[in-house]
Amino acid sequence: MIVLSDRIKETSHSVGTATFVLEGAAPGFSAFGDFYSTGAVVYYAITDGSDYEVGSGQYISDGTNKITRFPFDSSDSDGLVTFGAGLKEVFVTY
């Protein structure tokens with residue numbers, strides 16, 4: 001079951017199409033781990049300010065907080081976006 005929580009947003013510097021490592025809550029927001037336990041399924045969005053990806057994923061807390069990515073809408077023909085270097089925002093969405 002997918003659980004929705006409000007105001008969950010973290011930053012990440014992950015690159016490519018792999019699982020994203022979450023680096024901590026953005027100012028004024030909560031971290032995924034504050035509301036989700038490992039294995040929880042979430043709707044997520046990722047953006048670097050230009051490219052974006054929206055999908056469902058699984059939150060994994062195994063020493064590093066991560067989210068798997070299964071997009072259903074993106075700036076790359078609705079597939080996994082190959083994100084480059086730089087800051088990304090990763091957040092829960094409907």
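Reply: Start with threonine 93. Threonine 93 sits in the segment after strand S7 (88-92); strands here are DSSP runs of E, at least two residues, numbered from the N terminus. This is a predicted model, where local features need pLDDT of at least 70, side-chain atom pairs count only at pLDDT 80 or more, and totals for chains, interfaces and linings use all residues. Residues are numbered from 1 along each chain as its sequence is written, and side-chain values use heavy atoms, with hydrogens and water left out.

Threonine 93 counts as partly exposed because its relative accessibility is 21%. The cut-offs: buried is under 20% relative accessible area, exposed is over 50%, partly exposed lies in between (1.4 Å probe, protein chains only).

Leaving aside residues up to four places away in sequence, threonine 93 touches Leu4, Tyr43, Tyr44, Ala45 and Val54. Contact means heavy atoms within 4.5 Å. Tyrosine 44 is 49 residues from threonine 93 in sequence, yet their C-alpha atoms are 5.4 Å apart.

Now the core. The largest nonpolar core has 15 residues. Such a core is a set of buried Ala, Val, Leu, Ile, Met, Phe, Trp, Tyr and Cys residues joined through side-chain atoms within 4.5 Å. Strand S3 (41-47) and S7 are the elements giving two or more residues to this core. S3 supplies the largest share, three residues. Phe20, Ile46 and Val90 are among the residues with the most contacts inside the core. Phenylalanine 20 touches both Ile46 and Val90, and its other contacts include Ile67 and Phe83, not counting residues up to four places away in sequence.

Methods
Helices (H or I, at least four residues) and strands (E, at least two) are DSSP runs, numbered from the N terminus.
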